[in-house]
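The tour goes from one selection to the next.

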Amino acid sequence: KVSGYIKNIYVADNQRVKAGQTLATLDDRDYKIALEMAQANLQLSDAKRLSSLAQLEQQQSIIAQTKATLLASQASAQYASQNAERFNKLYQRGSVAADDQQKAHSTQRSASAVVRQNEAALTSAEKQVGVRAALRQAEADVAVAQAKVSQARLNLSYTHIVAPVDGMVGQRSVRLGAYVNAGTRLLAVVPLHQTYITANYLE
């Protein structure tokens, strides 16, 4: 199922073998390296996924903090509005100076501006879709890397050529050190329990 150089041959012509018995092995060094590289890429992809997850959690924390700041600024703005209204009434009665009344109105406007600023900050924090997209991409990369590890491990297992059934080795063309491609016929395993003879008795 894979290409490579024949490293070992464990059977001879007309030798009986059992199903699953190793017949020959290919040089597996390249396939081991491929598996190690795939595993390293999987670790890298998983690290990126964890980093994206941490960024998302941090973003959620920022959103929560921004919401708390907004609530505090709304409370301050409400107090400043009530305070400005009181100073306005007192000014109309002549109980306070115009300067005090203007300061109260200025504080109210400033508090309202802080509320609008915090609302904008919350909207911006909630719209950070890039963090979620990065996490989804990282999760997809992990899935691809896992598939590549599985394929590399499977290719490595194919370097051990085993008997598919119980039988006898025949037509052995495999030679030590020869390079074989995937699909090359190496030898035959004849299932003896299925053998039969066709005879024409008239002859």
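In which helix does L122 lie? Select L122: the residue lies in helix α2. The model is a predicted one. L122 is buried, with a relative accessible area of 11%, which is under the 20% limit for a buried residue. L122 and Q65 are 57 residues apart along the chain, and their C-alpha atoms are separated by 9.1 Å.

**Whole chain**

Zoom out and colour by secondary structure. The protein has three helices and seven strands. Along the sequence the elements follow the pattern β-β-β-α-α-α-β-β-β-β. The radius of gyration is 39 Å, well over the 17 Å that the globule rule gives for 203 residues, so the protein is more spread out than a compact globule. Along its principal axes the C-alpha trace spans about 140 × 40 × 20 Å. Colour by accessibility next: 26% of the 203 residues count as buried.

Select β1 (4-9), β3 (22-26) and β4 (160-162), and β6 (179-180). These four strands form an open sheet in the order β4-β3-β1-β6, with antiparallel pairing. β4 and β6 stand at the edges; each has a single partner strand, so one side of each is left without a neighbour in the sheet.

Look at the contact between β1 and β3. The two strands run antiparallel and are joined by three bridges.

Turn to the contact of β1 with β6, where the pairing is antiparallel over two bridges. Which residue in β6 is the bridge partner of G4? Select V180, which is that partner. Y5 stands opposite Y179 in β6.

Select β2 (16-17) and β7 (188-190), together with β5 (residues 167-170). They make an open sheet of three strands in the order β2-β5-β7, and the pairing is antiparallel. β2 and β7 are the edge strands, each with a single partner, so one side of each has no neighbour in the sheet.

Move to the contact between β2 and β5. Two bridges pair these strands in the antiparallel sense. Pick R16 and look across to β5: the bridge partner there is M168.

Strands of a sheet pair through backbone hydrogen bonds, either parallel or antiparallel.

**Salt bridges**

Side chains of opposite charge can pair when their charged atoms come close.

Begin with R172 and D13, whose side chains meet in a salt bridge at 3.6 Å, N to O. The pair links distant parts of the chain: R172 is in the loop between β5 and β6, D13 is in the loop between β1 and β2, and the two are 159 residues apart. R172 is partly exposed, with a relative accessible area of 22%. D13 is also partly exposed, at 42%.

Select D27 and R29 next. Their closest N and O atoms are 2.6 Å apart, and the two residues form a salt bridge. Is R29 buried or exposed? R29 is exposed, with a relative accessible area of 56%.

Return to helix α2 (residues 98-126) for D99 and K103, which are four residues apart in this helix, about one turn. Their side chains meet in a salt bridge at 3.7 Å, N to O. D99 counts as partly exposed, at 41% relative accessibility.

**The largest pocket**

For the last stop, select K1, I161, G183, T184 and L186. Of the 20 residues that line the largest pocket, these lie nearest its centre. β3, β4 and β7 are the elements that give two or more residues to the lining. The volume of this pocket is about 420 Å³. Colour the lining by residue class: it divides into 14 nonpolar, four polar and two charged residues.

Note on methods
Residues numbered from 1 in each chain as written. Predicted model: local features only at pLDDT ≥ 70, side-chain atom pairs only at ≥ 80, totals over all residues. Heavy atoms only, no water. Pairing = 2+ DSSP bridges. Salt bridge = Lys/Arg side-chain N within 4 Å of Asp/Glu carboxyl O. Buried < 20%, exposed > 50% of the residue type's maximum accessible area, 1.4 Å probe, protein only. 1 Å grid on protein atoms, 1.4 Å probe; cavity = no way out; pocket = protein on both sides within 12 Å on 5 of 7 lines; lining within 4 Å. Points joined across faces, edges and corners; volume = space filled by probe spheres on them. Nonpolar A, V, L, I, M, F, W, Y, C, P; charged D, E, K, R; others polar. Rg over C-alpha atoms; globule rule 2.2 N^0.38 Å.
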